[in-house]
There are 4 protein chains.
Amino acid sequence: MDSPHDIAANYDEEDFGGDIGFGDRPALIIIDLINAFTDPDTRLGSDVTSVLDQTERLLTAFREHDLPRYFTTVAFENSYGDAGQFIKKIPALQELRLGTEAVEIDSQLAPTDDERVILKKYASAFFGTDLQAELTTNRVDTLVLTGVTTSGCVRATAVDSLQHGYRTIVPANAVGDRADGPHRANLFDIDAKYGDVVTTDDVLVSLSDSV
Amino acid sequence: MDSPHDIAANYDEEDFGGDIGFGDRPALIIIDLINAFTDPDTRLGSDVTSVLDQTERLLTAFREHDLPRYFTTVAFENSYGDAGQFIKKIPALQELRLGTEAVEIDSQLAPTDDERVILKKYASAFFGTDLQAELTTNRVDTLVLTGVTTSGCVRATAVDSLQHGYRTIVPANAVGDRADGPHRANLFDIDAKYGDVVTTDDVLVSLSDSV
Amino acid sequence: MDSPHDIAANYDEEDFGGDIGFGDRPALIIIDLINAFTDPDTRLGSDVTSVLDQTERLLTAFREHDLPRYFTTVAFENSYGDAGQFIKKIPALQELRLGTEAVEIDSQLAPTDDERVILKKYASAFFGTDLQAELTTNRVDTLVLTGVTTSGCVRATAVDSLQHGYRTIVPANAVGDRADGPHRANLFDIDAKYGDVVTTDDVLVSLSDSV
Amino acid sequence: MDSPHDIAANYDEEDFGGDIGFGDRPALIIIDLINAFTDPDTRLGSDVTSVLDQTERLLTAFREHDLPRYFTTVAFENSYGDAGQFIKKIPALQELRLGTEAVEIDSQLAPTDDERVILKKYASAFFGTDLQAELTTNRVDTLVLTGVTTSGCVRATAVDSLQHGYRTIVPANAVGDRADGPHRANLFDIDAKYGDVVTTDDVLVSLSDSV
């Protein structure tokens, strides 16, 4: 991948894009890797094979280090009363109904009994959920974000992660989008303003070093 | 401006980018049009003459219709203790100190005594502020967002506006960025997923029609 | 019931306890009337027969007027990882496990298919939930709170309701507690600072008048 | 002070009121000890000499241990547009105007340059503020709450502190109210459900032990 810094001028390197780095206690947030998004044949899905593979490597490492990890899903009532203006903007969200297979985590990453799947209704994993309360309880200070989509729920979660005070790390090859332009543009924004855009290998090295 | 829909494939028109439209009671949110951002000679600034002009047209109209309007600014303590990880990521935020001219609203848009300037510390106008409480008190159902930057505080506020349940309207020529790539990419994302990207003229017509 | 105003001096009537009144669009929030709380034989339960009866009257009226109504429940993962410090403070919360009968709404108030049960983890119906987003989507400006317990989730929700900008109404005989002292003390605080403490009949009259 | 546990039956000791205890990194939150509340001759004030004295002891200790400490104030625009429904309920809030001496911290506790005064509009120190973001940045896991009033902003902050995942400690003699009934009733509720009600001496011992 070309450096996102090539995309735009006027984001001087001394003014934007500083490195935040890992803290003492990272958690892994696996965003919306549910069947509706991982099956390319659905209205919301695309080919995210590589995102699943890289996320699986991270999940295995976080499990081995016994560090906190959370999955998110997004699902709505049959009435869609909880889908607000969101469903008017994205009619394809109709596919995401509570209790259906579409909103279950992709079996490649099957959560264990002690790994929580957080139900959200909107883009950010923080919005309308108790994620922050769990993170504070667990004394987490760093979030590693993976999943889909870079321009949607990953970006929104990255902004909220920074806002809530967390060091925010996005491994570029463990997040994906249904189109490359938005993927790259949002990695640029995240790296310039909200979190460190790195590789999955970088994260794995950091985890090993910190043990 | 070319349609943002040209940027990426796989965002099918029937699935993404539906129109939300105006509700019954809009408010105008003027984001970070403070001297530090409107003076091109500063570390954070760029030429946003046209954004100021279009925002002024909207401000005049909202005043005439006696509809709610809010300004935001972003400013930090001398200790920068309130700047969290944000200032590590964007060192240029050091310019934004409480009580300095840099964080005052640009004089072209000087707020009147009954127009509130909301102090925020992060990207979204909702985060760490009581904006939602004011909007509920005033029974607002639609937010029109202007200001800077498209890829920063405007985008973050648009996402939060949708998430909080508001119809979200972004007049493309009343928001700006320090580079065109991020400006256009974020308008694409907003239009696809969070709000209606329109023109300032469109908003003015809607206001007139609703009277 | 004696007026809560008898309990304490130094809360002058001209300074505290003003009337807020109904707005244009009320919603009913039925708090934690789940089996674990309505069965007096459980660790968390007490006799709330009268609270159920009064809430049922309100639920019927809100259904007839086709006004929004929401139920809340509180339930935890088997790991209790989502119970934070709360479960250390209230060990009896162990009874509230996801998927069990204990956390289902009492059958006297059985929700219909289009009535949503909001899952919360803490005291306030707003905390860690998307309740505010639904209320904004539905343009609600007034919340009528019923359920249990007055000194716990009702009080916490009343404070948050006021904070989020809603007119807050608490019918005293439709909320209950496992002891009378905390019930009365919290109604005093709510009436002095956060919402109007009225009777179920008062609410029913207001609903009829507004039609 | 009699044990709050005498107030009500049906709050069995094995089910409610467990001890949470101190964590690794406490912060001190000094709530609303502003002139309007500490001057008994004002509409909102009462004699809180002892609360100021006990808080001063804690402030000195937190300064000596170089642990985070925050003050809160509550103040409104001249328009009171930011006072929502709150000012209808508590007309005496009119006294709290931005920029006036009434909303400055009592001089007995004068904040130093690096101690932040957080501006809030409502009861909880968390609501509409960025307090949580600062606490996460500083890796705080325990909040010690002092100030006024026990039945108002202290109680609301205690509930939110627990909800956000913090160990919550309330030294009973460092919080106060304008009447004894609400003071005692709210300490009972806090101790039963949200935080550990202790003495100022208890907190000072814990701070010494942890060094």
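Student: How many of the seven residues of strand β4 (residues 142-148) of chain B are buried?
Tutor: Seven of the seven, so strand β4 of chain B is largely enclosed by the rest of the structure. A residue is buried if 20 or more other C-beta atoms, placed from the backbone, lie within 10 Å of its own, exposed if 12 or fewer, and partly exposed in between. Strands (E, at least two residues) and helices (H or I, at least four) are DSSP runs, numbered from the N terminus.
Tutor: Before we go on, this is a predicted model: local features need pLDDT of at least 70, side-chain atom pairs count only at pLDDT 80 or more, and totals for chains, interfaces and linings use all residues. Residues are numbered from 1 along each chain as its sequence is written, while chains are lettered from A and ligands numbered from 1 in the order in which they are written.

Student: Okay, which residues point which way from β4(B)?
Tutor: Thr142(B), Val144(B), Thr146(B) and Val148(B) go one way, and Leu143(B), Leu145(B) and Gly147(B) go the other. All of them are buried.

Student: And what does β4(B) pair with in the parallel sense over six bridges?
Tutor: That's strand β1 (residues 26-31) of chain B. Two strands count as paired if DSSP finds at least two bridges between them. Here Ala27(B) has Leu143(B) as its bridge partner.
Tutor: β4(B) also pairs in the parallel sense with strand β5 (residues 167-171) of chain B, over three bridges, and Val144(B) is partnered by Ile169(B) there. With strand β6 (residues 175-176) of chain B there are two bridges, again parallel, and Val148(B) is partnered by Gly176(B).

Student: Which elements make a right-handed β-α-β unit?
Tutor: β4(B), α5(B) and β5(B). Right-handed means that, with the strands pointing away from the viewer, the path from the first strand over the helix to the second runs clockwise.

Student: Switching topic: how many residues of chain B are in contact with chain A?
Tutor: 41 residues of chain B are in contact with 41 of chain A. Contact means that the C-beta atoms, placed from the backbone, lie within 7 Å. On chain B's side, the elements giving two or more residues are α3 (86-89), α5 (150-163) and α6 (180-193).

Student: Why do the copies meet through the same surface?
Tutor: Because 100% of the interface residues of chain B are also interface residues in chain A.

Student: What about chain C, how many residues does the contact take from chain B?
Tutor: Ten from chain B and ten from chain C. Helix α4 (residues 131-137) of chain B gives the largest share of chain B's side, four residues.

Student: Last one: where does Pro91(A) lie?
Tutor: In the loop between α3 (86-89) and β3 (116-120) of chain A. Pro91(A) is partly exposed, with 16 other C-beta atoms within 10 Å. Leaving aside neighbours within four places in sequence, Pro91(A) is in contact with Glu14(B), Asp15(B) and Gly18(B).

Key: Two residues are in contact if their C-beta atoms, placed from the backbone, lie within 7 Å.
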